[in-house]
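Please read them with the sequence and the coordinates open.

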Amino acid sequence: MLGVALAAAAVMGVGASAGAVGPVVGPEADVSHHGHVSLWDGRVGVWLVSENFGPTDLAQATVRIAFSVPMAGGGQELPEACLWSSDRVVSCRTGELPAAGGAGELALDLRTAGLPDELTVEVTTAWRDGVADRNPRNDRHRVLVLATGDPYVF
């Protein structure tokens, strides 16, 4: 009996350290962002897919893409759903994300303010329409990108 109790305590302890979250009150969705980032000749490309694994549909969410180096100013076009939050941050609406895998796609092609050898990109969900997400690990990424032109997957 003592062995069962210790095993249960060990499992509960592992869950807590692995990012387990307490009870959720209200609607819940599981938003995730995946894609890749490339850096070459002072240009950075971000290709991103946002998904919702449910159980609640989302009318809208906002993804925040932050760069460790400033982007070049002046007239860089962003997709209609995006806006500059600063010279290092772009925020974009995902559009509707129905439960069970609804997806929104996004592509950015930006110029950096110089010719960095590397940069870091952070992708996070900034807003999810007041819905809780018990699994935030799949919507938060930090990617080191070298100026090789290679896609760095997240």
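1. Cysteine 82 has a relative accessible area of 12%, and because the cut-off for a buried residue is under 20%, cysteine 82 counts as buried. Cysteine 92 is likewise buried, at a relative accessibility of 1%. Please keep in mind that these values, like the others in this note, come from a predicted model.

2. What do cysteine 82 and cysteine 92 form? The two residues form a disulfide, with a distance of 2.0 Å between their sulfur atoms, and the count for the structure comes to 1 disulfide. Because the torsion about the S-S bond of cysteine 82 and cysteine 92 is about 110°, this disulfide is right-handed.

3. As for its place in the fold, cysteine 82 belongs to strand 4, which covers residues 82-86, while cysteine 92 belongs to strand 5, which covers residues 89-93, so the pair ties together parts that lie 10 residues apart in sequence. In general, a disulfide is a covalent bond between the sulfur atoms of two cysteines.

4. Turning to the chain as a whole, there are 1 helix and 9 strands, and from the N terminus on the order of the elements is α-β-β-β-β-β-β-β-β-β. Of the contacts between residues at least 6 apart in sequence, 72% join residues that are at least 24 apart.

5. On burial and surface, the chain has 154 residues, of which 38% are buried. The accessible surface of the chain comes to about 8400 Å², and carbon and sulfur atoms account for 57% of that area.

Terms used: Residues numbered from 1 in each chain as written. Predicted model: local features only at pLDDT ≥ 70, side-chain atom pairs only at ≥ 80, totals over all residues. Heavy atoms only, no water. Helix = DSSP H or I, 4+ residues; strand = E, 2+ residues; numbered from the N terminus. Buried < 20%, exposed > 50% of the residue type's maximum accessible area, 1.4 Å probe, protein only. Contact = heavy atoms within 4.5 Å. Areas by Shrake-Rupley, 256 points an atom, 1.4 Å probe, with all protein chains shown as cover. Disulfide = S-S within 2.5 Å.
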